[in-house]
Amino acid sequence: MNKIAGDLKNFAPEAPIGMEERIQTALSKKKSFWLFSWYTMNVYVLALVGAGVLALVFSNRGESNVVAQSAAPAATEVKSTPTVVADLNANGHVILDAEKELKSAPVKTASERKSVQVETSASALVVENCQTTAIAEPAVTEVAETVEVQRTPEEIQVPNPVNEVVKPKGRSLRLTRLTGK
Amino acid sequence: MEEKNLIQACIRGDKSAQHMLYKKFSSLVYGICLRYAKNKMEAEDSMQEVFVKIYNHLKDYQSAGSFEGWIRRIAVNTAITSYRKNLKGRLEDEIDDRSEYATSLVENHDVDYTMEELMICVQALPDGYRTVFNLYAVEGYKHKEIAEMLEIDVNTSKSQFSRAKGHLQKALLELSARKIALEV
């Protein structure tokens, strides 16, 4: 067995032809990823451009979301502005018949939101500049929803009347003499 | 070129130095790969892997030990890694529990064989037997070390070596018998 082992240990046959080229190809394949080449360069450039486009698309989406979010509270502002506008004129004096003006105030539609927003900002400026008059803040009325909970009455089970006739204990006595029957 | 200079040139990526290194050690590496592989194709794949590892890790070689020993170790480790990957083969080996051969059957008999014939007999061994046989009989590892390397039990290593020896002896006996029959 030792002879066999020794023979095997010293066995060094000639390597097959073309093996060296195969090894070199494998080596260059492994390295090529890290080496500069126009092909990999193009891939990197394309990847960068793609990433840039994606970033632009997502940033635009983000902006449109912000606009949508800012548009939502504007609707509430539209309702609250007429009271402020009605109380003040351009010079900052109190208008006496504010109720009348309130009624005559035009109803703002959704398309006029922007102009209303500008108006509200202008009115806010007026409010800031006006020091002499006290501004009555729009009263916030809270409508409490009343929820009536009706409970269905539980069924009351009435026991069925017992048909059994309970006979009185003791002897039954007929009084015939007194009644005459 | 001196070995140190050759290694340094290979690290720099000098193609002629790499060619020289290949010329010097290709036979040794191919011999080891043939011993651990099932066939020539598998040995060639293994040899390619070994040389790629050698070229890529030359900078890690510390000149404390011999360079040939370092290359040999890389080749053996590659074979072990390949064996570990092939768990299916290991299972077959565990199941394969054919009758034990008398290990002393041809102990004192001289069996004539060529190296090619011997290699065919070794390659015909089941994966587990062949690996343990190579590691123990040829490389000189102990059963405990082999058990750790192959993640098997020490007794499994011992029994696989014993069976491998039996298989090999039987194959060589059959070979010599065939030869005698042809001569007659």
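Which pattern does chain B follow when read along the sequence? Chain B runs α-α-α-α-α-α-α-α-α, with nine helices and zero strands. Here helices (H or I, at least four residues) and strands (E, at least two) are DSSP runs, numbered from the N terminus. Chain A follows the pattern α-α-α-α-α, which comes to five helices and zero strands.

The model is predicted, so local features need pLDDT of at least 70 and side-chain atom pairs count only at pLDDT 80 or more, while totals for chains, interfaces and linings use all residues. Residues are numbered from 1 along each chain as its sequence is written, chains are lettered from A and ligands numbered from 1 in the order in which they are written, and side-chain values use heavy atoms, leaving out hydrogens and water.

How confident is the predictor? The complex receives an ipTM of 0.77 and a pTM of 0.55. For chain B, the mean pLDDT (the predictor's confidence in each residue, from 0 to 100) is 84, and 85% of the residues reach 70 or more. Residues 95–106 of chain B have pLDDT below 50, and this stretch has 17 contacts in the model beyond near neighbours in sequence. A contact means heavy atoms within 4.5 Å.

The two chains can be described in turn. In chain A, 15% of the 181 residues are buried; buried means under 20% relative accessible area, exposed over 50%, and partly exposed in between (1.4 Å probe, protein chains only). The accessible surface of chain A is about 16,500 Å², and 60% of that belongs to carbon and sulfur atoms. Such areas come from the Shrake-Rupley method with a 1.4 Å probe, and for residues only the protein chains shown count as cover. In chain B, buried residues make up 47% of the 184 residues, and the accessible surface comes to about 9,900 Å², with 50% belonging to carbon and sulfur atoms. Among contacts with a separation of 6 or more, residues 24 or more positions apart account for 55% in chain A and for 68% in chain B.

Next comes the interior. In soluble globular proteins, nonpolar side chains tend to be buried together. A nonpolar core is a set of buried Ala, Val, Leu, Ile, Met, Phe, Trp, Tyr and Cys residues joined through side-chain atoms within 4.5 Å. The largest one has 63 residues, of which A:Ile4, B:Met47, B:Ile54 and B:Phe67 touch the most other members. Helix 2 (residues 15–36) of chain B gives the largest share of this core, 11 residues. Leaving aside residues up to four places away in sequence, B:Met47 touches partners in both chains, including A:Ala15, A:Met19, B:Tyr22 and B:Cys33.

B:Ser46 lies in helix 3 (residues 40–56) of chain B. B:Ser46 is buried, because its relative accessible area is 15%, and it touches B:Cys33 and B:Thr78, not counting residues up to four places away in sequence.

Two other helices of chain B also meet. The axes of helix 4 (residues 67–85) and helix 8 (residues 143–150) come within 10 Å and cross at roughly 55°, which makes helix 4 of chain B oblique to helix 8 of chain B. Axes are lines fitted to C-alpha atoms, for helices over the stretch in contact, and angles run from 0 to 180 degrees between N-to-C directions. Angles under 35 degrees count as roughly parallel, over 145 as roughly antiparallel, 65 to 115 as roughly perpendicular and the rest as oblique. B:Ile80, B:Tyr83 and B:Arg84 in helix 4 meet B:Glu148, B:Met149 and B:Leu150 in helix 8.
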